[in-house]
Amino acid sequence: QVIKYTLDPVWKPFTVPLVSLCDGDVEKLIKVMCYDYDSDGGHDFIGELQTSVARMCEAQDSFPLELECINPKKQKKKKNYKNSGIIIVKSCKITRDFSFLDYILGGCQLMFTVGIDFTASNGNPRDPSSLHYINPMGTNEYLSAIWAVGQIIQDYDSDKMFPALGFGAQLPPDWKVSHEFAINFNPTNPFCSGVEGIVQAYSACLPHIRFYGPTNFSPIINHVARFAAQATQQEAASQYFILLIITDGVISDMDETRHAVVQASKLPMSIIIVGVGNADFAAMEFLDGDSRVLRSYTGEEAVRDIVQFVPFRDFRNAPKETLAKAVLAELPQQVVQYFKHQNLPPINSEPA
């Protein structure tokens with residue numbers, strides 16, 4: 001950091017990996033050099049000092065460490081030379097940064113829920129042009145997305161029981177529209193056993209429901225958020241929720257969905273949206289806050305980016321691993337970011 005127009009600069013705190021600073025050896029000598037900045041790049045050398053991490057760690061807010069900044073040339077020339085200034089270390093701490101793997105090995109479970117779009121825009125599942133039509137190979141884009149993501153995530157959940165929910169369909173016997181129904185038609189136990197269980201429940205429910213609309217995302221996001229909110233009461237890095245929404249189209253309840261995502265960003269939760277078919281997915285790109293911070297209609301900003309959107313069409317002719325990689329690319333850092341933000345170490349972590 002360059003601080004201009006002062007002879008008494010106060011530098012901002014910064015972090016540097018211990019490995020790159022001193023090869024992890026806190027006794028190793030480190031040379032600190034101080035220069036006077038010149039805009040043309042010809043910075044003037046002021047002086048240098050040698051210290052170690054162990055020595056700097058002695059510094060605390062009430063007991064700063066004062067180190068003399070020495071210019072060896074001036075020291076040689078002048079007899080009564082003392083120093084070219086004092087560098088004061090106000091505070092130095094070693095903190096441990098945990099990785100995604102640390103949390104998983106510490107016992108954190110990834111709780112996986114699937115939300116499937118059964119709106120009329122998908123087309124009649126008996127018609128080969130429908131996105132829900134299961135072809136002679138036994139697959140369609142919905143199934144491909146479930147397999148690609150589910151097969152990886154299921155290894156991070158010990159009981160492999162996953163709720164699978166549908167939205168945008170009329171259900172028997174009274175044909176009311178539902179935006180969060182269990183696709184196994186068991187509202188008290190919407191869990192399917194493994195990815196195979198999700199696929200079986202999905203295939204079995206298709207003939208029994210009527211595709212309808214609108215395409216409302218917020219009920220399913222809020223459904224998973226309720227469970228994620230309960231998990232926060234444990235005050236431990238024990239559970240993280242992932243909602244995979246597979247959809248063919250434009251969101252009808254965009255304001256409510258934005259609000260739901262902003263609220264969910266405070267919870268141990270991430271949302272993956274896979275867009276199937278050839279619709280205009282501009283709204284999905286908007287939810288995926290990579291380019292700007294997502295705001296609720298109330299103006300509240302998302303605490304962190306928790307939505308990853310991937311259009312399936314970009315991967316139609318690619319190996320299925322590439323879809324899974326794109327879909328799950330941001331998840332590890334989202335998990336770490338959440339627990340770090342909450343100051344929660346992995347459950348079984350060694351103290352730093």
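Start by selecting residues 1–67 in this predicted model. An unreviewed UniProt entry annotates residues 1–67 as "domain: C2".

Now zoom out and colour by domain. The protein chain is divided into domain 1, residues 18–89, and domain 2, residues 100–342. Taken over C-alpha atoms, the centres of domain 1 and domain 2 are separated by 53 Å.

**First helix pair**

Next, select residues 141–153, which form helix α5, together with residues 194–205, which form helix α6. Their axes lie 10 Å apart and the helices pack at an angle of about 160 degrees. That angle makes α5 roughly antiparallel to α6. The crossing of α5 past α6 is right-handed. Show side chains to see who takes part: α5 contributes Tyr142, Leu143, Ile146, Trp147, Gly150 and Gln151, while α6 contributes Val195, Glu196, Ile198, Val199 and Tyr202. Sorted by class, this contact has eight nonpolar, two polar and one charged residues.

Move on to helix α7, residues 218–231, and helix α8, residues 254–264. How do their axes cross, and within what distance do they come? They cross at roughly 15 degrees and come within 9 Å. α7 and α8 are therefore roughly parallel to each other. Here α7 passes α8 in a left-handed crossing. On the α7 side, pick Ser218, Ile221 and Asn222; they meet Glu256, Thr257, Ala260, Val261 and Ala264 in α8. By class, the contact of α7 with α8 has four nonpolar, three polar and one charged residues.

**Backbone stops**

Most residues other than glycine have a negative phi, and most peptide bonds are trans. With that in mind, select lysine 160, in the loop between α5 and β6 (161–167). Lysine 160 is not a glycine, yet it has a positive phi of about 50 degrees.

Then go to the loop between β7 (169–171) and β8 (176–178), where you will find proline 173. Which kind of peptide bond joins proline 172 and proline 173? The bond is cis, with omega about 0 degrees.

Finish at proline 214, in the loop between β11 (210–211) and α7. The peptide bond from glycine 213 to proline 214 is cis, and its omega is near -10 degrees.

Key:
Residues numbered from 1 in each chain as written. Predicted model: local features only at pLDDT ≥ 70, side-chain atom pairs only at ≥ 80, totals over all residues. Heavy atoms only, no water. UniProt positions renumbered as here; feature names shortened; annotations may be inferred. Helix = DSSP H or I, 4+ residues; strand = E, 2+ residues; numbered from the N terminus. Domains from an automatic or database assignment. Axes fitted to C-alpha atoms, helices over the stretch in contact; angles between N-to-C directions. Parallel < 35°, antiparallel > 145°, perpendicular 65-115°, else oblique. Left-handed = near helix turned anticlockwise from the far one by under 90°. Contact = heavy atoms within 4.5 Å. Nonpolar A, V, L, I, M, F, W, Y, C, P; charged D, E, K, R; others polar.
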